[in-house]
Amino acid sequence: MSANKSRKPRRKGQTGARQPGLLRRWAGRVLGLMLTLALISVGLLALYAKSLEPELREHFEGGRWAVPARVYARPLELFAGKALSPAELQVELEELGYRRTSSGRESGSWSRNGAEFHLSTRGFNHPDGEELPRQLRVVFANGQLSTLEGLRNGEPVGLARLEPAVIGSLHAPHQEDRLLVRLDQVPESLIAALLVVEDRNFHDHRGLSFTGIARAAVANIRAGRVVQGGSTLTQQLVKNFYLTADQTLQRKFTEAVMALLLEHYYEKDEILEAYLNEVFLGQRGGRAIHGFGLGAEFYFGRPLEELSLAQQALLVAMVRGPSRYNPRRNPERARDRRDLVLTLMARDGIIDETEARSAMAEDLGLVTDGQRHQGRYPAFMDLVRRHLQRDYRREDLISDGLHIHTTLAPRVQRAAEAAVDARLAQFGDDAPQAALVSVNVEDGEVVGVVGGADYRYAGFNRALDARRPIGSLVKPAVYLAALREPSRYGLGSVLSDEPVTIQDEHGDPWTPRNYDGSNRDQVPLWLALSDSLNVPTVHLGQSLGLRRVARSWADLGGRVPNSLYPSFVLGATEHSVLEMAQVYQTVAAEGFRSPLRSVRAVTDSDGELLSRYSLSTEQAVDPVSSYLLQHALRQVVSQGTARGLQGWVGDTSGLAGKTGTTDDYRDAWFAGYSGDLLSVVWIGHDDNRSHGLTGSSGALPIWGEQFSRLSYRPLRRQTPGGVEAVWIDAETGKRSDEGCEGAVRLPYIADHLPDETVDCAGEPGEDDSRGFWDRVLGR
């Protein structure tokens, strides 16, 4: 009881007094817990950001992109006296994407008034030095470039080089492609347009822009469609650079964190430049078009800095959706989007209303083919790849942004393609295939390749890989072997044309026949080659021995078969067009053999030289024998099996060549050359069936079509020392005089002139009153 009595009664309101303290204690605990969770979250966020940092920095600071190698044609050199026509110069300028204007004074433009051109070059960092931009006046006269001078000051210019045209890139079948640009190469108006449309607070935020998100939402609601985005450029770059396109909360969270990190570590200009090179702008087959630099070339065929305001706005318009606003597929939708960009630019004072209206009045200005610089010449690009594989790994070629400087001459390549088109079109649905290789005579540079009738498409490259019997294209080696023995043979030496039967490789009798089925008893050596007579060639080959013939063939650059048979002297050996171009390059270059090459140099992405493929040449045939052989090959064109060339090129006195036809008219060949250019042409069916054409009626017309479109330097060979021109009696091979019947003037080695002289006063025998040429030609 005493205990109970000692308790003090509770006062009214005592419980309520304790409640605030209890609440404060619970509030403190909750706040502490929240603070702890916040600190943990910040810590976890920091750890997560730290885990993202290595990938972000490594990718951004290292090789950001796998950039395919960029392949260039050879630069066109201009100088007074160059064999070049106005039409050919125009082809080269079009290949470069130069614009035709009224004055030709803007960079990358030209104008023409008859035979006079005004043009402004872009300049280029060539492997052997920088060529600065120039303004030039170019005048043509008498079939050549006659005047080259500065457009502003009229001072003579000794030599000018245009920049090389881009002809392709080396990339994987499904790979991103881009042309990297520096920030200072991008027009300020394009950057301003991009920011006003995609991220107007770019220079103020630190990776995320909540006001931008809100503003975009309001603008889109007012417009009734998406006209602005809420993501910053930094977020877009992160998404394209590092993340997938999955629309998940985790990806969006990672995107935000990485955007903050990117802004923390890098300057705004670095981020903007990366975005300009990364943004996706379209697709060309398996090739993804990234960056404004390549986008400008792909859609407009010109460098980014030369785009008009309307074209810049169109590229910016496509950022929102390259497929939806593809100007080739959806031109009206693309135009509307472009005009919206121009409207926003005018609203923000980037351009005035007059500029906006003028730009809106322009058409889209697209080049017709988005592949203009890519894949136009697949056969030549195939040759380039094979050349580079000797020295470079495939991974380096498709990822290191190398610059490949090749030997392709666009004017020669275009002429070759036009010739193939023109001639094969005459066959209708049953047209044969064709292949062609063009080479610079002096240095062996391959300047044009056609791999088949469908030369725009990659596939079986007949110029490189189709090995076909070459027929009479082998005969110059036979006659060269003879001319190398001047004590036995000269151009006027008479050869037997009597029928002959010998054993072939199977031990069976083989009786070669001339093309027309007739025999002429005997013919002079030069005429046997000029008229491509088989029987005298076989007689000559048997007299010389096949090993001597094979040695001459090898010296010219030909591949000698493992086994030699008598039919070898008539071309029963299989070679590609490229291999035959090597042989005839040696013939055309006066016996100097230069290995054919398609690449001049390789530089890295900064223009530093990595490899140079310089001219390599050797004297494979002595000058005298080469000179005598070339004289005979000139007769092939002037009066022999290739005399039909006159119908295409007129004067053929500066040309030489050789026709070739195989059994049953399955293959037709022609190899012909001027003083500076050689082309070898083949036509035939892939299934080896007959097409009924000879070298003269099948391959030669393609060659004639090509050369009729080109300017070239005629053959002008100096007579070697020890050689003199003498009159030779064609029937007997003896010395003669100018006034004698049947006398022909031929070059001979002075120490090996015929010993005997024909009696000029002699008359034909009573048993044969025909004229000399009737007897020789079997008429």
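Two strands count as paired if DSSP finds at least two bridges between them. Helices (H or I, at least four residues) and strands (E, at least two) are DSSP runs, numbered from the N terminus. The model is predicted: local features need pLDDT of at least 70, side-chain atom pairs count only at pLDDT 80 or more, and totals for chains, interfaces and linings use all residues. Residues are numbered from 1 along each chain as its sequence is written, and side-chain values use heavy atoms, with hydrogens and water left out.

**Sheet**

On that basis, β3 and strand β4 (residues 109-113) pair in the parallel sense over two bridges. Arg100 has Trp110 in β4 as its bridge partner. The two strands belong to an open sheet of five, ordered β3-β4-β5-β8-β9, with mixed pairing. At its edges are β3 (99-100) and β9 (144-150), each of which pairs on one side only. Helix α3 (residues 86-95) packs on this sheet and touches β3, β4, β5 (116-120) and β8 (135-141), where contact means heavy atoms within 4.5 Å. The direction of α3 makes about 20 degrees with that of β5; axes are lines fitted to C-alpha atoms, for helices over the stretch in contact, and angles run from 0 to 180 degrees between N-to-C directions.

**Aromatic pairs**

Rings of Phe, Tyr and Trp (its six-membered ring) pair if their centres lie within 6.5 Å; planes under 30 degrees apart count as stacked, over 60 as edge-to-face and the rest as tilted. By this rule there are nine aromatic pairs. Two of them are listed here.

| Pair | Centre distance | Plane angle | Class |
|---|---|---|---|
| Trp553 and Phe568 | 6.5 Å | 85 degrees | edge-to-face |
| Phe670 and Trp703 | 5.4 Å | 85 degrees | edge-to-face |

Trp553 lies in helix α20 (residues 546-555) and Phe568 in the loop between α20 and β23 (574-575), so the pair links parts of the chain 15 residues apart.

Phe670 in strand β29 (residues 667-673) and Trp703 in helix α24 (residues 695-708) are 33 residues apart. Phe670 is buried at a relative accessible area of 0%, and Trp703 is likewise buried at 0%. Ring pairs join Phe670, Trp703, Phe707 and Tyr712 into a cluster.

**Charges over rings**

A charge sits over a ring if NZ of Lys or CZ of Arg is within 6 Å of the ring centre and within 35 degrees of the ring normal. Lys268 has its charged end over the ring of Phe202, 4.4 Å from the centre. Arg328 lies over the face of Phe298, 4.8 Å from the ring centre.

Notes. Buried < 20%, exposed > 50% of the residue type's maximum accessible area, 1.4 Å probe, protein only.
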